[in-house]
Amino acid sequence: MKKLIISLIAGASMLGALNIQAQTLINGAGSSFDNPAFTKWFSVYQSTVDKTVNFNYQSIGSGAGQKLLLSETVDFGASDAPMTDEAMAGGPGKILHIPVVAGGVVLGYNLPGIAKLRLDGDTLVNIFMGNITKWNDPKITALNPGTNLPAQAIVVVHRSDGSGTTFIFSDYLSSVSPVWADSVGKGTALKWPTGLGGKGNEGVAGQITQLAGAIGYVELAYAKQNHMSYAELKNAAGKFVACTLETVSAALATATIPEDFRFSMVNAPGDNSYPISGASWVLVYQKQKNAGNAKKLVPFLKWAVTEGQKYSSQLDYAPLAENVQQRELKLLDTIAF
Amino acid sequence: MANLNQHNMNSTNHSWRNFKNGVMQTLTFVCAILVITPLVLVFYHLLWQGFTSINLDFFTQLPKPTGETGGGIGNAIVGTFVLLGEAALLGVPVGVLGGVYLSEYGTTKLNWWIRFTADILNGVPSITWGIVVYALLVVPMHGFSALAGGVVLGMMMIPLVMRTTEEILQLVPNGYREAALALGVVKWRTIVQIVIPAALKGIITCVLLALARIAGETAPLMFTALGNQYWSQKLTDPMAALPLQIFNYAISPYDDWHRQAWAGALILLLLVLSINVGVRFLTRDRSRQRNN
């Protein structure tokens, strides 16, 4: 066993040594939502565009991504929630928001035998407020004629950690309910009126799949990979839509995007818009201190918001519209190093 | 008649006591089995889930991007060994020398404080170590690094190695020291040439046990080594490590990554087990020597 380990170390370190060449290493950290897109982009970019750059991205959460950018320990951060003015004031320079992907947050549920469930904003607010406690509540049955909902207790599951997914979900609840906006509000971590907490998307997904009668919010990829049922939601136009690449793209297309790119796209208008959609941003300083790294980072970001979009859409992220891509390229040109 | 009664009572009393003894014996046996059950279950489960994903690629390749199956975690395996090496470089000299001081030099009062502090440090949650090193090393250096990862693991090793080294040195009979001193050998030479060699196997044992303990630490590395998708080329770059990679893969939504997380956990368990088995061999030799 020992010999095996020793020969393994020797073999692996030799491989490592062979790999050593002049490489620039760019470090980023933040949103776990972006992680699949980033790893895909890094691999494609490295093999087709620039071999001399390595990107290291660690998905430790949006909140942590913002903090690490502020403490200048990473070259870029990534977050599903735009930074507030107060948060940005804590950094040594101006921070740019570069939208890179958009995606949907779905309501996963555990009701054996019920493959299709429809919900609307008001019902969701009441479920997450703790006002609706049974699956056969008249408010839910009214939305689901013909479905035999059980008299089972609803188990609400939410995130216990700071999370961009929570931000998008609570942004939506706040936009449909003034009561929610006043009493709970929106943010990456909230004081929940009811329910169980789970750490990370995986924690929430785990609770939903284990507890009969559970409902909780997770990113689309987690619901899909865990073969979880998720609800269709009534959008601002009054239509019921499921979360798909198309319905998130439709929501993104209707979003009005301001100069600084800090925008919200929840409860978007349009027949085909999925209501709980959100963008995710790469966060970088406009004035880069490490010119060597910036020289590699900026071309990559330009590639990611244009060429890269076709790879991320394979992973269920909604692609950025052409005009948004052009505006982002202009913003990226303002980065100085 | 009275005698017979007495005898009867004695025998019922005896079998009652035997029965009680039997119950307690069974109870302790069941508890002893319960203690080892988790190890058996964990090992079985990891073998079951992880074994099929282990192949040459797993040890030599880099992780593949999302959505592509295959690849390996060679960088994390190498990273773990590099981090353990760094930790040993920092933790072994400081810990062993500290233990020597406690055992051979220190005054009673000062020793009490040092031991007390070391015991508190041993109980500090590993995530706290991570945050401390993050604030002291990562933020001023403006970057995560393998160096910081090695420092945090090394710092966790120091109190552990120091306390166990002290205890091992205390086991060296005082006669050895007295004999050396009586022959006119100065104190430091007595320690270096008599006391430490006599206790060397014990010291190596406690170093190995400390390494086995820190090999599985995840929390402190998240704030220091951070993790890396590639081979790390410099100690000032972030570095991958097995526990970090297992954590990242386990929380991902992808089946292929889950499989690799199981396999990584199996490798980590085998690593720690082999260290422990190595310790067994060392200590077995030592007891045999003593018996001879």
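Start by selecting Ala291(A) and Gly292(A): these exposed residues sit on the face of helix H12 of chain A that is turned away from its buried side. Keep in mind throughout that you are looking at a predicted model.

**Stop 1: helix H12 of chain A**

Next, pick out Ala294(A), Leu297(A), Phe300(A), Leu301(A), Ala304(A) and Val305(A), which are buried. Where do the buried residues fall when H12(A) is seen down its axis? They lie within an arc of 135°, so they line one face of the helix.

**Stop 2: strand S4 of chain A**

Move on to strand S4, residues 95-109 of chain A. Of its 15 residues, 15 are buried, so S4(A) is largely enclosed by the rest of the structure. Show its pairing partners one at a time:

- Strand S12 (277-285) is joined to S4(A) by nine bridges, and the two run antiparallel. To find one of the paired positions, select Ala102(A), whose bridge partner in S12(A) is Ala279(A).
- Strand S8 (residues 214-219) also runs antiparallel to S4(A), with five bridges between them. Here Gly108(A) stands opposite Gly216(A).
- Strand S9 (residues 229-230) is antiparallel to S4(A) as well, through two bridges. Click on Gly108(A) again: in S9(A), its bridge partner is Tyr230(A).

As background, strands of a sheet pair through backbone hydrogen bonds, either parallel or antiparallel.

**Stop 3: helix H11 of chain A**

Select residues 245-254 of chain A to bring up helix H11. Which of its residues are buried? They are Thr247(A), Val248(A), Ser249(A), Ala250(A), Ala251(A) and Leu252(A).

**Stop 4: a three-stranded sheet**

The three strands form an open sheet in the order S5-S10-S11, with mixed pairing. Its edge strands are S5 (118-119) and S11 (240-241), each pairing on one side only. S5(A) runs parallel to S10(A), residues 232-234, and two bridges join them. Select Arg118(A) and you will find Glu232(A) of S10(A) standing opposite.

**Stop 5: where chain A meets chain B**

Switch to a view of both chains. In this contact region, 34 residues of chain A are in contact with 29 residues of chain B. On the chain A side, the elements that give two or more residues are helix H1 (2-18), strand S1 (24-30), helix H2 (35-48), strand S2 (53-59), helix H9 (200-210) and helix H10 (220-225). Highlight H1(A) in particular: the largest share of that side, nine residues, comes from it. Coloured by class, the chain A side shows 14 nonpolar, 16 polar and four charged residues.

**Stop 6: the largest nonpolar core**

Finish at Val161(B) and Ala225(B), which touch the most other members of the 155 residues in the largest nonpolar core. Helix H6 of chain B, residues 146-170, gives this core its largest share, 15 residues. What does Val161(B) touch, not counting residues up to four places away in sequence? Select Gly91(B), Val92(B), Gly95(B), Val96(B), Gly99(B), Cys206(B), Val207(B) and Ala210(B) to see them.

Notes. Residues numbered from 1 in each chain as written. Chains lettered and ligands numbered in written order. Predicted model: local features only at pLDDT ≥ 70, side-chain atom pairs only at ≥ 80, totals over all residues. Pairing = 2+ DSSP bridges. Helix = DSSP H or I, 4+ residues; strand = E, 2+ residues; numbered from the N terminus. Buried ≥ 20, exposed ≤ 12 C-beta atoms within 10 Å, placed from the backbone. Contact = placed C-beta atoms within 7 Å. Nonpolar A, V, L, I, M, F, W, Y, C, P; charged D, E, K, R; others polar. Core = buried A, V, L, I, M, F, W, Y, C linked by C-beta atoms within 7 Å. Arc of directions from axis to C-beta.
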